[in-house]
Amino acid sequence: MRYIVDCDTGIDDAVALVSLIRLLRGEPDSRLIGVTASYGNVTMDTSVRNSLAVLALFGASDVPVYPGVEHALGMRSFEVSPGVSFIHGRNGLGGQRIPDSSRKPEQMHAAEFMARAAKKYGQDLTIIATGAFTNLADALRLRPQMAQEVSRIVLMGTALAVPGSVNQWTEANVGQDPEAARQVLQSGANLLVVGRDVTTTTLLTRRQTQAWARSGTDRGAFLAGMLDWYIHTYEINFSGLPGCYISDPTAVVLAVHPELATLCLHRRLTALTGGPACGRTLVDVSYHQGTDPRTSVVLEIDNDKFMTLLLGALSAAVA
Ligand code: CA
């Protein structure tokens, strides 16, 4: 299987990239063929920079990074919100400084790269999106048949039965561009939707980051420093939670190991694109076929196996 990760490289996107690099070391027929840059936690330009730097630090500087769109469909610009900047730090990596990669970004646009990869790899391609879904919507517009061509699109986004991360009903990646989210959710692609219904059941604590800090490597110091920053923001924003949720890495782990999903809803989703609940995701009741076997909204995962896989990958990555 080939993988593309479309991300707005803040803290949990960076952890997701590190997790995927390591998980794929154990899968000889799988590789990460490209990272595409979205926006949300950071600007698109910062996402490019951070992805290149993280890939280089973790031994994957051969992976190309493609610049994407800078803002939502129908918008002219994007700025990182103060709340998001607080959570991810101004550099998106919790203030941790890592060297720039010597590799330059690719010239090709993210959406074009996705569309070409869909044509080239077809059922051997999984796309994982952990930022705003605008690049994906653009790629589907460039090549509508890619919805059927690719093996799976894994989305980190949505909130059905739990509150969103932006407000009580809006999850951040959907909220950045609800129209793009609606288009992707309704594209007919084989979707694995990993939203807050499941990510709010995950927890990473300082006990785990301390082990990485003690590893004595630059990678360990980076990962621990970044996640300690993240956990600190959770201590302020969610008093009483003894750690942080692990949103984007959950999508990555499930992309490689979908068998960890123990309960899924097979209904087509949509996103509200206007009105007072703009950004809310819900079941599209106008989809009259009832169940939708090509949509799997993950509601529960095997948390023990998930944590074992994730912590194993991250611990190996910092060694
Ligand atoms: Ca993200």
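## Basis

Local features need pLDDT of at least 70 in this predicted model, side-chain atom pairs count only at pLDDT 80 or more, and totals for chains, interfaces and linings use all residues. Residues are numbered from 1 along each chain as its sequence is written, and side-chain values use heavy atoms, with hydrogens and water left out.

## The sheet and its helices

An open sheet is built from 8 strands, in the order β3-β2-β1-β4-β5-β6-β10-β7, with mixed pairing. Strands pair here if DSSP finds at least two bridges between them. Helices (H or I, at least four residues) and strands (E, at least two) are DSSP runs, numbered from the N terminus. Strands β5 (residues 152–156) and β6 (residues 191–194) run parallel and are joined by 4 bridges. Val154 stands opposite Leu192 in β6.

Helix α2 (residues 44–57) lies across β1, β2 and β3. Its direction is about 155° to β2. Axes are lines fitted to C-alpha atoms, for helices over the stretch in contact, and angles run from 0 to 180 degrees between N-to-C directions. Contact means heavy atoms within 4.5 Å.

## The calcium site

Which residues coordinate the calcium ion? Asp8 (OD), Asp13 (OD), Asp13 (OD), Thr130 (O) and Asp248 (OD) do, at 2.2 to 2.6 Å. Donors are N, O and S atoms within 2.8 Å of the metal (3.2 Å for Na, K and Ca); water is not among the atoms, so sites may look incomplete. Along the chain, the donors follow the spacing D-x4-D-x116-T-x117-D.

Asp8 lies in the loop between β1 and α1, and Thr130 in the loop between β4 and α5 (134–142), so this pair ties together parts 122 residues apart in sequence. Asp8 is buried at 1% relative accessible area. Thr130 is also buried, at 1%. Buried means under 20% relative accessible area, exposed over 50%, and partly exposed in between (1.4 Å probe, protein chains only).

## Gly157

Gly157 sits in the loop between β5 and α7 (172–176). Its relative accessible area is 0%, so it is buried. Beyond its neighbours within four places in sequence, Gly157 contacts Phe133, Glu171, Val174, Val193, Val194 and Gly195. Gly157 and Gly195 are 38 residues apart in sequence, yet their C-alpha atoms are 4.4 Å apart.

## Salt bridges

The whole structure holds 11 salt bridges. Each is a side-chain nitrogen of Lys or Arg within 4 Å of a carboxyl oxygen of Asp or Glu. Glu112 bridges to Arg116, with the closest N and O atoms 2.6 Å apart. The two are 4 residues apart in helix α4 (residues 110–121), so about one helical turn separates them. Glu112 is partly exposed at 31%.

Arg268 and Asp292 form another salt bridge, at 3.2 Å between the closest N and O atoms. Arg268 lies in the loop between β7 (261–265) and β8 (269–271), and Asp292 in the loop between β9 (281–283) and β10 (295–301), so the pair ties together parts 24 residues apart in sequence. Arg268 is buried at 14% relative accessibility, and Asp292 is buried at 3%. Elsewhere, shared partners join Arg206, Asp228 and Glu235 into one salt-bridge network.
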